[in-house]
Amino acid sequence: MKRLQLQRWSSSALSSRARTGGRLQRHLYSGTRLQSTNSYSLQDQSLGQQLAPPSATSDVPKFTKRQLPSPPAEAARESAKLAALHARLYLPSRLPLETLARCLVDASADPSAQFNNQSLAVLGNDLLSNYASEHLICTYPRLPLTVIFAAMYAYVGPKTLLAMSREWGVEHAAAPGGEVDPGLLQYKRLDPGAKPDAEPLVGTTRPNEDQTTWRRSITSSVVYDNEFGDPERAASPPAELSDEPFLMNDKGPAPVTPEAASATFARAVMGAIYLHAGRPAAKRFFEQHFLSRQLDISKMFNFQQPARDLTRLCARENYDEPVAKIISETGRRSRTPVFVVGIFSGVDKLGEGTGASLSEARARASVAALKGWYLYSPLEVRVPSAMEEDGAAPWKPVYVDLGEVIV
Amino acid sequence: MQDLLIMTCVRFPSLPRQTSAEKFRDLSAWINRLSRTGIRTLHLKSIQSQSQSWFPFRDPIYQLIHTFTAFRPRASSRKIDMAAFVTVSKRPILGLPFLLPSCEPATLELRRAQSTYRRTKQRLRIKPDASFGSSSDNSQAHIIHNPPSSAPSTYHTPMKFLPPNDVRRTLRNDASSKSQSPEALPSVFKSAPERKYHLTREDVEEIRKLRSSDPILWSRWKLAKHFNCSPIFIAQACEASPQKKEIQRQVLAAVQSRWGKTRRMAREDRQLRKESWGRDE
């Protein structure tokens, strides 16, 4: 597989001043904001007014930092917080401080797509979902879909990303602005007491979303919903890059929660690493920071009728009918009896459970047997993205299961 | 000394007053001898629990004297503290031969029931794991595997659930995976469910017709008894009418309205416990 020239791409992630690339690129990608002139006076010119094209001899912008929605790129080199964050995360040296500063600017702070982390976060989210889902599906090929969604949420969900950005030591700015230290996460905060999820989500990717009484199957979540099985807002086409600069007196975008802003930041870091340092570095970053988090998948199950499910499973797989047998017991006539019940199919024991009553022990044994089925993991787990490495061994198909038990 | 007299009278109220005075003189003589030997005060030990067989004296006062136990009182008061049962003597009690009756000195020891100790010891004697003992071939180095008794891990896939091309299938074959034979184990249920499959399509139609005709009369249990099948099969074959469901719901609400706080909480707790089984908590 031919390697992509990511270095060439990643230069577009930097604003024109921070870029160290060639002169042609500098000419092509020069941001309009930095070239905007000082013909802007807030008192007598409205923002929607068409600007005169910047002259070739235009000087450095005369905007003060307070008028900018986010810190300028040259402030990144002077921020101790940013350098410390870069060193603490052990980020590759090819990832410049300016991009890391851009990762910390949320779209609610600076709506300009050239200066916020929205594009990086989209890329990073796709990478995180890809790596996490292929790890889950290849490691536990029999997991039910609900458990896969829950595990995805546990690995790369917004709550996890918020916890991770706290562990990384990212502090939040009180309010975004040009004079703020670029090492702080900048977003527009919600008003105190505001409920971010008060009204139901409209404009999702799911068809017939106005029919609230219709059944929403878990299978349709695979098709319509996001990687966590939740309905998501349909993506709007990217807004045109407006030529006029965005200033602080403009009516700002909607505020976001700290959780959403932190999640966007963590995804943007992932996308920035991919752009600047390439795929192996991005995968290493994922394994070190995301996959290394301990997640007990066996705690994520919730069976309503485990004995019935196990019977259906054995019927589907042509096994003998599961039979519950008492392995040992103590204190049957006492106040605290303990029964150990095993579920046998033929001569093989499928599961074992203990309980204070025979029905409880049987139910727990059925749960143990079902978990033994669902938590099967092959010995050598190889994910598809391992094929992207140089000199990878030929691909062997992974184990694919029939799917969960449907009663 | 006054305490001793009181104790004597309290413990042996049936003795005549004269006899008890004599015995008390004997007691004071004993106590004088004892105080000369270094034991400061004496404490009465209950003699009811003592076995009478070995005892040489029938007289309860002599029994009393012979079951004296050396005892150190509190330093401040000379009164005998009945609550404390610490046995301390300045000299070992065996070094005072005049104190001992002509019997074994076991009763002069601490208050400890011999049988309880033996039983405790017996209970604590747990058989070690088979791998701890002397194996058949001690010549070779071997692994002692003595795992604690715990529930098996759910990440350990049972043999039957492994796919046919999995390596672990062949690895576990030779191992002793079949330690228990399920035939020898007792079943959880008293009788195995009997599957008869005797109802035909016409019978199912009849069931539906009967249930829709008079849902009060033809309940699930009555239909099951009539057609000799399980009520679950009746529920699978047909559904109750909405009117019957509403009646049943009202009956249940009427029953539940008579429940008190304790019963209601107990029922709710039971339901919550049942739900926790499926989460394996």
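This is a predicted model: local features need pLDDT of at least 70, side-chain atom pairs count only at pLDDT 80 or more; totals for chains, interfaces and linings use all residues.
Local features need pLDDT of at least 70 and side-chain atom pairs count only at pLDDT 80 or more, while totals for chains, interfaces and linings use all residues. Residues are numbered from 1 along each chain as its sequence is written, and chains are lettered from A and ligands numbered from 1 in the order in which they are written. Helices (H or I, at least four residues) and strands (E, at least two) are DSSP runs, numbered from the N terminus.

**Helix α6 of chain A and its partners**

- Let's start with α6(A), which has 22 residues and reaches 31 Å from its first C-alpha to its last, close to the 32 Å expected at 1.5 Å a residue; the expected span is 1.5 Å times one less than the number of residues.
- Buried residues of α6(A) include A:L120, A:A121, A:G124, A:L128 and A:L136. Buried means that 20 or more other C-beta atoms lie within 10 Å of the residue's own, exposed that 12 or fewer do, and partly exposed is in between, with C-beta atoms placed from the backbone.
- An α-helix has 3.6 residues a turn, so residues three or four places apart point the same way.
- The buried residues of α6(A) pack against α5 (97–103), α7 (145–156), α10 (258–277) and α11 of chain A.
- With α11 (residues 279–291) of chain A, the axes of α6 (residues 118–139) come within 11 Å and cross at roughly 65°. Axes are lines fitted to C-alpha atoms, for helices over the stretch in contact, and angles run from 0 to 180 degrees between N-to-C directions.
- α6(A) and α11(A) are therefore roughly perpendicular to each other. The cut-offs are under 35 degrees for roughly parallel, over 145 for roughly antiparallel, 65 to 115 for roughly perpendicular, and oblique for the rest.
- On the α6(A) side, A:L127, A:L128, A:Y131, A:A132 and A:H135 meet A:A282, A:K283, A:F286, A:F290 and A:L291 of α11(A). By class, this contact has eight nonpolar, one polar and one charged residues. Ala, Val, Leu, Ile, Met, Phe, Trp, Tyr, Cys and Pro count as nonpolar, Asp, Glu, Lys and Arg as charged, and the others, Gly among them, as polar.

**A:T264, a buried position in α10**

- A:T264 sits in helix α10 of chain A and counts as buried because it has 30 C-beta neighbours inside 10 Å.
- Not counting residues up to four places away in sequence, A:T264 touches A:D106, A:N117 and A:A121. Two residues are in contact if their C-beta atoms, placed from the backbone, lie within 7 Å.
- A:T264 and A:A107 are 157 residues apart in sequence, yet their C-alpha atoms are 9.1 Å apart in space.

- A:L370, in helix α13 (residues 358–374) of chain A, is buried because 27 other C-beta atoms lie within 10 Å.
- Leaving aside neighbours within four places in sequence, A:L370 is in contact with A:F303, A:P306, A:D309 and A:L310. A:P306 is 64 residues away along the chain, with a C-alpha separation of 7.4 Å.

**Two loop residues with positive phi**

- Most residues other than glycine have a negative phi.
- A:Y90, not a glycine, has a positive phi of about 55°. A:Y90 lies in the loop between α4 (80–88) and α5 of chain A and is exposed, with 10 other C-beta atoms within 10 Å.
- A:N318, also not a glycine, has a positive phi of about 60°. Its loop runs between α12 (306–316) and β1 (323–330) of chain A, and A:N318 is exposed, with 6 other C-beta atoms within 10 Å.

**Chain B and its contact with chain A**

- Chain B has ten helices and two strands, and buried residues make up 10% of its 281 residues.
- In chain B, 23 residues are in contact with 34 residues of chain A. Helix α10 (residues 261–279) of chain B gives the largest share of that side, three residues.
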